[in-house]
Amino acid sequence: MNPEHDKISVGSVDTSYAISEKCENKEAALAFLKYCSSPEAQEKVLYEQGRLPSAKLDIDESKLEPLVADIIQLSNQSKGLTPWWDRVFGAGEGVEFNNECLAVFGGDDAQEAFDNLELFAEENRKR
């Protein structure tokens, strides 16, 4: 294993919002987004839903489920983020990538599994 890749997390942005230029009530939409990203709303997201906040908060670990506390601690130690590969590849190759990964975890030969993925991608490149 390459130490350069230690503490690189795999993940992606979970929830995103945008306001359309054609939105009929931009001010209300903007107010909603400001509320959703406020420290008060993000505390609810963290403490009541167990989801990682999008705002920098002073976190009271005594209010967290132990697993959420562990995830936050690991996240804080991370030095980088790489996306989920199934999202990078898209729907067809992404599903096939997940299937081949599961096959490897199940004991299949890794080289053969990823050769299968390459063949799948080549056969479906024109869709």
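Okay, let's start with glutamate 100, which counts as buried because its relative accessible area is 10%. The labels go like this: buried means under 20% relative accessible area, exposed means over 50%, and partly exposed is in between, with a 1.4 Å probe and protein chains only. Glutamate 100 sits in helix H5. Helices here are DSSP runs of H or I with at least four residues, strands are runs of E with at least two, and both are numbered from the N terminus.

Before I go on, this is a predicted model, where local features need pLDDT of at least 70 and side-chain atom pairs count only at pLDDT 80 or more, while totals for chains, interfaces and linings use all residues. Residues are numbered from 1 along each chain as its sequence is written, and side-chain values use heavy atoms, leaving out hydrogens and water.

So what does glutamate 100 contact, leaving aside neighbours within four places in sequence? That would be Ala113, Asn116 and Leu117, where contact means heavy atoms within 4.5 Å. Glutamate 96 is also in helix H5, and at 18% relative accessibility it counts as buried. Not counting residues up to four places away, glutamate 96 touches Leu117 and Phe120. Staying in helix H5, we find valine 95, which is partly exposed at 49%.

Now over to the surface. Asp108, Asp109, Glu112, Asp115, Glu118, Glu122 and Glu123 gather there in a patch of negative charge. Patch members have over 30% relative accessible area and no salt bridge; like charges are joined within 9 Å, and nonpolar side chains (Val, Leu, Ile, Met, Phe, Trp, Tyr) within 5 Å. Asp and Glu count as negative, Lys and Arg as positive, and His and the chain ends are left out. Each charge is placed at NZ of Lys, CZ of Arg, CG of Asp or CD of Glu. Aspartate 108 is in the loop between helix H5 (91-105) and helix H6 (110-123), and at 47% it is partly exposed.

There's a nonpolar surface patch too, about 280 Å², made by Leu52, Leu67 and Ile71. The areas come from the Shrake-Rupley method with a 1.4 Å probe, and for residues only the protein chains shown count as cover. Leucine 52 is in the loop between helix H2 (39-49) and helix H3 (66-77), and it's partly exposed at 45%.

How many salt bridges are there? The count comes to 1, taking a salt bridge as a side-chain nitrogen of Lys or Arg within 4 Å of a carboxyl oxygen of Asp or Glu. Glutamate 21 pairs with lysine 26, and their closest N and O atoms are 3.0 Å apart. Glutamate 21 is exposed at 66%, whereas lysine 26 is partly exposed at 32%.

Last stop: lysine 7, in the segment before strand E1 (8-10). Its phi is near 65°, a positive value in a residue other than glycine.
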